[in-house]
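Open the model in your viewer and keep the selection tool ready.

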Amino acid sequence: MYLPASFEVQDPAKLRAVMRAFSFATLISVVDGVPFASHLPLLLRESPASPHGVLVGHLARANPHWRHFLPDREALVIFQGPHSYISPSWYAASPAVPTWNYVTVHAYGTPQIRDDAAWLSAQLQELIQTYEADLPTPWPGLLPDAYRQQLMKAIVGFELPIARLEGKFKLGQNRSPADQQGVYAALRQSASPDARALARFMPGECALDLPVEV
């Protein structure tokens, strides 16, 4: 990934927070000489064997992607955070041109198949509990055993120990404080939830004049 120093984020806590908050990721491998992508939710687990953690998930068995997980073949996982169009009318400086600001994290590692039933069952239950947690009445994940076993045969589990991470928070850090302030104000007032979410990343990364909370 093109990673100017102004936008690079190396803080592991910030990167892990993005990976957990925007966990519907894109897994990219090279299959038969061409890129192949799968879109899927992934969970980040802490691991003493991998300082950056381990990503866990599953694919449909009918998806050929997992058949190309090889010990010498690294994969890329992209976590896309909030993003938004940036109008030059929000800047104090002129002339200026439009751009697009965004938050993204790239995780690299070698995926490993986990096709044993116990591991896969635990991963599915963890996935359900994670995404049901904020619902008013969480679904407990209870299914008839025969039905559950039938469904599990249709998927393949995997884990990906993260070998390295790249974080890019493109938030206008290369602009003047006045320009950053204008972008922040416009994003906060936007009707777009994505734009407002992007604004929430700016206070920790940009030179903003913010009111002191008491």
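Select Thr 99. At 25% relative accessibility, Thr 99 counts as partly exposed (buried is under 20% relative accessible area, exposed over 50%, partly exposed in between; 1.4 Å probe, protein chains only). This is a predicted model: local features need pLDDT of at least 70, side-chain atom pairs count only at pLDDT 80 or more, and totals for chains, interfaces and linings use all residues. Residues are numbered from 1 along each chain as its sequence is written, and side-chain values use heavy atoms, with hydrogens and water left out.

Thr 99 sits in strand S7 (strands, E, at least two residues, and helices, H or I, at least four, are DSSP runs numbered from the N terminus).

Show the contacts of Thr 99 (heavy atoms within 4.5 Å). Beyond four places in sequence, they are Ser 84, Tyr 85, Ile 86, Tyr 91 and Lys 170. Zoom in on Lys 170: its side chain makes a polar contact of 2.8 Å with the side chain of Thr 99 (a pair of N or O atoms within 3.5 Å, one able to donate a hydrogen and the other to accept it within protein; residues adjacent in sequence count only if both atoms are side-chain atoms).

Of its 37 residues, select Met 19, Leu 55, Val 77 and Phe 79, which touch the most other members. S9 gives this core its largest share, 6 residues.

Last stop: Trp 119, Leu 120, Leu 127 and Ile 155, among the 9 residues of a second, separate core.

Note on methods. Core = buried A, V, L, I, M, F, W, Y, C linked by side-chain atoms within 4.5 Å.
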